[in-house]
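Here are some numbered notes for someone opening this entry for the first time. They can be read with the structure alongside.

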Amino acid sequence: MAYILFTLSVLLVMGFVGFSSKPSPIYGGLALTVSGVVGCVIVLNCGGGYMGLMMFLVYLGGMMVVFGYTTAMAIEEYPETWGSGLEVLGGLLVGLMMEVMLVLWVLSLNEAVVVVVGFSDTGDWVIFEGEGSGLIRGDSIGAGALYDYGRWLVVVAGWTLFVGVYVVIEIVRGN
Amino acid sequence: MTPTHMNIMLAFTISLLGMLTYRSHLVASLLCLEGMMMSLFIMATLIASNTHFPLVNIMPIILLVFAACETAVGLALLISISNTYGLDYVHNLNLLQC
């Protein structure tokens with residue numbers, strides 16, 4: 001339980017290897033949904049309840065559903081899963097092996113891993129609740145500030161979404 | 001930076017590699033693009049929580065908005081390819097082949 005955040009991030013990498021090894025897209029969508037659930041639990045573990053639930057709603061509930069039925073339109077008769085064919089299975093096994101060896105190496109070190117930034121082993125993150133104001137959650141306050149300090153950004157994003165829908169209609173129209 | 005951040009950056013890199021390699025379907029590359037957006041969202045939310053700077057939470061929300069736009073346009077292109085060729089195989093896109 002002490003290393004729950006690190007374990008979840010390892011599971012996230014394994015889920016990402018699952019759809020990056022390019023099986024048939026319906027199985028890739030399944031792996032992306034599972035990775036999304038793991039990522040949402042990572043965000044929840046760091047005290048971000050609002051952001052995690054927003055990822056569930058907008059990302060998994062909106063975009064993955066659209067991906068699901070768009071993939072159902074463009075699917076072949078026998079979709080290849082991770083076990084059928086050597087390319088997908090080989091990519092999956094190479095990715096999993098890489099992640100396991102990296103995790104074992106990082107956990108066996110005592111000093112920091114320095115790639116570009118120093119990844120020091122400072123352990124997991126414990127939520128520190130200060131006294132007083134325990135009802136004000138940080139992430140929902142930050143998201144609410146979008147409509148206060150970022151009024152113009154909301155207008156631009158809304159207009160972008162509207163123009164995006166128009167672009168989609170024009171593309172799908174064809175001729 | 002903790003090893004958790006290293007894992008999330010590694011997830012981004014794995015998705016990037018998956019997007020740049022084509023097998024047979026085009027929608028698999030779009031899925032890897034979605035994975036990249038998701039790992040960026042998780043990374044930005046973790047940094048906003050770790051540094052106790054709630055205003056940074058605006059950035060992942062706006063990132064999600066524009067990722068949704070991008071998904072919509074990508075899927076619209078996929079639909080138009082699928083209407084022309086029947087499936088979204090990458091080897092069908094050979095108009096520029098010499």
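Helices, as the word is used below, are DSSP runs of at least four residues, numbered from the N terminus. The model is a predicted one.

1. Start with the annotated spans of chain A. The UniProt record, an unreviewed entry, gives "transmembrane region" for residues 25–44, 56–76, 88–107 and 149–169 of chain A. In the model, residues 88–107 of chain A are 100% helix and 0% strand, with 29 Å between the end C-alpha atoms. For residues 56–76 of chain A the figures are 86% helix and 0% strand, and the end C-alpha atoms lie 29 Å apart.

2. Residues 29–49 of chain B are 100% helix and 0% strand, and their end C-alpha atoms are 31 Å apart. Residues 55–79 of chain B are 88% helix and 0% strand, with end C-alpha atoms 38 Å apart.

3. Next comes the interface. Chain B and chain A bury about 5,700 Å² between them, and 80% of that area is on carbon and sulfur atoms. In chain B, the residues that lose the most area to chain A are Arg23(B), Leu31(B) and Met38(B), which together make up 12% of what that side buries. The contact draws 61 residues from chain B and 68 residues from chain A.

4. Polar pairing across the interface can be counted too. There are 10 residue pairs in polar contact between chain B and chain A, both residues being at pLDDT 80 or more. On the side of chain B that touches chain A, the elements giving two or more residues are helix H1 (3–20), helix H2 (27–50) and H3 of chain B. H3(B) gives the most, with 20 residues. By residue type, the side of chain B that touches chain A divides into 39 nonpolar, 19 polar and 3 charged.

5. How many salt bridges does a search of the whole structure find? The total over all chains is 3, and 2 salt bridges lie across the interface of chain B and chain A.

6. Consider the pair Glu80(A) and Arg23(B). Their closest N and O atoms are 2.9 Å apart, in a salt bridge. This pair crosses between chains: Glu80(A) sits in the loop between helix H3 (49–73) and helix H4 (86–108) of chain A, and Arg23(B) in the loop between H1 and H2 of chain B. Arg23(B) is partly exposed, with a relative accessible area of 31%.

7. Arg23(B) has a further partner. A salt bridge links Arg23(B) with Glu87(A), the closest N and O atoms being 3.1 Å apart. Arg23(B) is in the loop between H1 and H2 of chain B and Glu87(A) is in helix H4 of chain A, so this pair joins two chains. Glu87(A) has a relative accessible area of 55% and is therefore exposed, the cut-off being over 50%.

8. Within chain A, Glu170(A) forms a salt bridge with Arg173(A), with 2.8 Å between the closest N and O atoms. Why are these two about one helical turn from each other? Because they are 3 residues apart in helix H6 (residues 151–173) of chain A. Glu170(A) is partly exposed at 33% relative accessible area, whereas Arg173(A), at 54%, counts as exposed. Elsewhere, salt bridges that share partners join Glu80(A), Glu87(A) and Arg23(B) into one network.

9. The end of helix H3 of chain B is worth a look. Beyond its neighbours within four places in sequence, Ser82(B) contacts Ala74(A) and Leu87(B).

10. Leu87(B) lies in the segment after helix H3 (58–85) of chain B. Apart from neighbours within four places in sequence, Leu87(B) is in contact with residues including Ala74(A), Ile75(A) and Glu76(A) of chain A, and Ser82(B) of chain B. The C-alpha atoms of Leu87(B) and His25(B) are 8.4 Å from each other, although 62 residues separate the two along the chain.

Conventions. Residues are numbered from 1 along each chain as its sequence is written. Chains are lettered from A and ligands numbered from 1 in the order in which they are written. This is a predicted model: local features need pLDDT of at least 70, side-chain atom pairs count only at pLDDT 80 or more; totals for chains, interfaces and linings use all residues. Side-chain values use heavy atoms; hydrogens and water are left out. UniProt positions are given in the numbering used here, feature names are shortened, and annotations may be inferred rather than shown by experiment. Contact means heavy atoms within 4.5 Å. Buried area is the accessible area (1.4 Å probe) that two parts lose on being put together, summed over both. A salt bridge is a side-chain nitrogen of Lys or Arg within 4 Å of a carboxyl oxygen of Asp or Glu. A polar contact is a pair of N or O atoms within 3.5 Å; within protein, one must be able to donate a hydrogen and the other to accept it, and residues adjacent in sequence count only if both atoms are side-chain atoms. Ala, Val, Leu, Ile, Met, Phe, Trp, Tyr, Cys and Pro count as nonpolar, Asp, Glu, Lys and Arg as charged, and the others, Gly among them, as polar. Buried means under 20% relative accessible area, exposed over 50%, partly exposed in between (1.4 Å probe, protein chains only).
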